[in-house]
Amino acid sequence: MMLVSAPLPDPMFDAAQPLVRLECVSRHFYGAAPTRALDGVTMTIERGESVAVVGRSGSGKSSLLNVLGLLDRPDSGEYFLAGKETSLLTDGQRSAWRAGRIGFVFQSFHLMPRRSVLDNVQLALMYARAPREERIARATAALFRVGLGRKLNAMPTQLSGGEQQRVSIARALVARPSILLCDEPTGNLDSQTSEGVLRLLRELVDDGVTLVVVTHDPGVARFMRRVISMRDGRLENDPELDGFWRTNADRPC
């Protein structure tokens, strides 16, 4: 039986390509003080990897996550998701890909307080227009997967912070995404609860989920198999690229 967290094969995606490939991606914000949030970022992420992106506030971590999640478009460069160049997607296609192939987990849980735990998770499938019975079955399986099978009918306000974050993880998993993007997923949790959430995320990677976690916490980063540091919109020490260019002058962008 396929685990609920296991991504489904997609004929639109090229399995021979890295799941994520960025080539010279830049992102600018214009205003009184123009900001270069991403500056020529080049990187790849393979299927089944767990990657931590670390750096100080303003280093470009969240901007990178927004590009990976198809929330923002790069100003220049190319972003390939499973071999598909995402700049060619319409807004509607980007929304469909976010709903069906990308899962999001945030520091704030963003749960609907007047809906049950089961409703919060199964409503994530509304965009896909799945039948009600299928939505409930998949949401139930996702909640069992994160250890909340006995709290399907509980309200979010009746749950601890760690349990609420598990609900948000189940909601992200219910569509069986190819990649799970987490922005400070333990930022609102105490250290003991954080460790439980991180163990769950690591288990999901073992099940085949590709995981990218943005964090400023070294303890969170240690749970990931690869750590990338960002500074001033650039990758500072990607293990995949260390030594690839001898100097910044050798960079292709």
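**Ground rules**

I note that this is a predicted model, in which local features need pLDDT of at least 70 and side-chain atom pairs count only at pLDDT 80 or more, while totals for chains, interfaces and linings use all residues. Residues are numbered from 1 along each chain as its sequence is written, and side-chain values use heavy atoms, with hydrogens and water left out.

**Overall**

I took helices (H or I, at least four residues) and strands (E, at least two) as DSSP runs numbered from the N terminus, and on that basis the protein has seven helices and 10 strands. Of its 253 residues, 51% count as buried, where buried means under 20% relative accessible area, exposed over 50% and partly exposed in between, with a 1.4 Å probe and protein chains only. With contact meaning heavy atoms within 4.5 Å, I found that residues 24 or more positions apart account for 72% of the contacts with a separation of 6 or more.

I then checked confidence, for which pLDDT is the predictor's own score for each residue, from 0 to 100. The average is 87, and 88% of the residues score at least 70. Over residues 243-249, however, pLDDT stays under 50, and the model has five contacts beyond four places in sequence for this stretch. Where pLDDT is low, the predicted coordinates should not be read in detail.

I traced an open sheet of six strands in the order 6-7-8-3-9-10, with mixed pairing; two strands pair if DSSP finds at least two bridges between them. Its edge strands are strand 6 (102-106) and strand 10 (234-235), each of which pairs on one side only.

Strand 7 (residues 179-183) and strand 8 (residues 210-214) are parallel and share five bridges, and Leu181 stands opposite Val212 of strand 8. Strand 3 (residues 50-54) also runs parallel to strand 9 (residues 226-231), with four bridges joining them, and here I found Ala52 bridged to Val227 in strand 9. Strand 9 and strand 10, by contrast, pair in the antiparallel sense over two bridges, and Met230 has Leu235 in strand 10 as its bridge partner.

The hairpin formed by strand 9 and strand 10 has two residues between the strands, and Asp232 in the turn has a positive phi of about 55°. At 56% relative accessibility, Asp232 counts as exposed.

I compared this with Glu184, in the loop between strand 7 and helix 6, whose phi is also positive, near 50°, in a residue other than glycine. Glu184 is buried, with a relative accessible area of 13%. Most residues other than glycine have a negative phi.

Returning to helix 6, I checked its length: at 1.5 Å a residue its 16 residues should span 22 Å, and the end C-alpha atoms are 23 Å apart, which agrees; the expected span is 1.5 Å times one less than the number of residues. Its buried residues, among them Ser194, Gly196, Val197 and Leu198, pack against strand 3, helix 4, helix 5, strand 7, strand 8 and helix 7 (218-221). After helix 6 comes Gly208, with a positive phi near 115°.

For helix 4 (residues 132-145), 14 residues should span 20 Å, and its end C-alpha atoms are 20 Å apart, in agreement. I noted that its buried residues include Arg135, Arg138 and Arg145, and that the buried residues pack against helix 3 (117-122), helix 5 (161-173) and helix 6 (191-206). Helix 4 is followed by Gly147, whose phi is positive, near 85°.

Six of the eight residues of helix 1 (residues 61-68) are buried, so I read helix 1 as largely enclosed by the rest of the structure. Lys61 is one of these buried residues, and just after the helix Leu70 takes a positive phi of about 60°.

My last entry is Arg101, which lies in helix 2 (residues 91-101). Arg101 is buried, with a relative accessible area of 13%, and its side chain reaches the backbone oxygen of Arg176 at 3.4 Å.

Key: A polar contact is a pair of N or O atoms within 3.5 Å; within protein, one must be able to donate a hydrogen and the other to accept it, and residues adjacent in sequence count only if both atoms are side-chain atoms.
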